[in-house]
Amino acid sequence: MDILVVLEGANGAIHRISKEALAAAQLLSKDLEQKISILAFGQNAEQLANEATGFNAEEVVLINDEKLNSYSADGYAEAIMQIVEKEAPQYVLTGYSYLIRDFLPKVSARLQKPLITDVISYKNEGGKILFTKQVLHGKLTVDIEPKVTDSVMVAFQSAAYSADNLISGSANIRNVEIELNADMLKTSSEEPFQEETGGVDLTSAEKIISIGRGIGKEENMPLVKELAEVLKAEIGASRPIVDAGWLPSSHQVGSSGQSVTPNLYLALGISGAIQHVVGMKGSKNIVAINRDADAPIFEIADYGVIGDIVEIIPKLTEVIKSQ
Ligand SMILES: Cc1cc2nc3c(=O)[nH]c(=O)nc-3n(C[C@H](O)[C@H](O)[C@H](O)COP(=O)(O)OP(=O)(O)OC[C@H]3O[C@@H](n4cnc5c(N)ncnc54)[C@H](O)[C@@H]3O)c2cc1C
């Protein structure tokens, strides 16, 4: 086996972050002339496998084992370990989600194979593949060269590659059995729940208005809420706004918040610190308003307005209302 992409599900469909890993796999497979196998397992495995057949890949490997219907780190790690040991892919690619963080390090440790996490891109230097990631809170970027020739596990940061670039195809499903005994599973997870009442899931929002320290004071926050209402957008925030208690933590975007990829990301009074940018740089259209023309947010903005948000937001709300 050449490249194995491990899928994760979200509400019965393939998770966006897995599609992004598949987009990376399709580029890598073209570069190295290697074949892609897509692995569907866990809850709704069959549904995920059927969806995966629509992408350009050699095959979809399906593990349909009811013991994997509810998540357990032991069960998921065991399933991946058995496939990787049996099929010895050169690369195992995934998105770097919370789920993957929970069980893939077990696979890496047990198989004594490298796991490179939070990868933002790969480079092909004359056939030598290097994986790039940021270190020291994004202050430095490093290229990592695997020193083994098989089972190199690579987990891509959210939005590292775009699922919009996925090439469709028609892959066949191959059923694979694994040996999973009940005593291998040391824990089991209940249904997921939202801990915080009123929490938002920004990851599926089409439009996000994100507010930063430039808003100045809590009394100005209703201006943002009003704009969000007329624009039918969710509200995101930089960390200082959450730290100040002006919005709950579920609204935070960035390395210690949510990673988002909306169609529209309106950054209001946000400077563009790397910890914020890693969480929103995959947005399709980034519009920034900032009174400092040299603010780093303008480097990644598609459209930029230099001005005072406290003046501009109410005017913008009025204009949209009157449409
Ligand atoms: C370990 C770690 C994790 C972190 N995780 C995150 C994270 O997940 N998310 C996150 O956002 N940050 C995170 N941070 C913090 C991050 O480093 C920045 O401090 C933060 O993003 C800055 O937020 P800001 O842009 O709102 O504020 P500032 O950097 O203070 O920028 C405010 C901006 O508003 C502009 N401005 C001021 N007044 C106005 C006005 N009236 N009109 C228009 N513009 C105005 C200013 O020119 C400035 O550019 C993290 C930091 C660390 C160390």
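## Helix α2

In helix α2 (residues 45-52), the buried positions are A45, L48, A49 and A52; buried denotes 20 or more other C-beta atoms within 10 Å of the residue's own, with C-beta atoms placed from the backbone. These residues lie on the same side of α2 because they cover an arc of only 100° around the axis, the arc being that of the directions from the helix axis to the C-beta atoms. Their packing partners are β2 (9-10), β3 (13-14), β4 (36-40), β5 (59-62) and β11 (172-175), where contact requires C-beta atoms, placed from the backbone, within 7 Å. Helices (H or I, at least four residues) and strands (E, at least two) are DSSP runs, numbered from the N terminus.

## Basis of the model

The model is predicted: local features need pLDDT of at least 70 and side-chain atom pairs count only at pLDDT 80 or more, while totals for chains, interfaces and linings use all residues. Residues are numbered from 1 along each chain as its sequence is written.

## Sheet

Nine strands form an open sheet with mixed pairing, in the order β9-β8-β7-β10-β6-β1-β4-β5-β11; pairing requires at least two DSSP bridges between two strands. The edge strands, β9 (140-144) and β11, each pair on one side only. Strand β1 (residues 3-6) runs parallel to β4 and is joined to it by four bridges; I3 has I36 as its bridge partner in β4.

## Ligand shell

The ligand is surrounded by 29 residues, the closest being G212, G214, S238, G254 and S271; a residue counts as near if its C-beta atom, placed from the backbone, lies within 6 Å. At least two shell residues come from each of α6 (239-243), α7 (274-277), β15 (285-290) and α9 (309-321).

Definitions and conventions. Buried ≥ 20, exposed ≤ 12 C-beta atoms within 10 Å, placed from the backbone. Contact = placed C-beta atoms within 7 Å.
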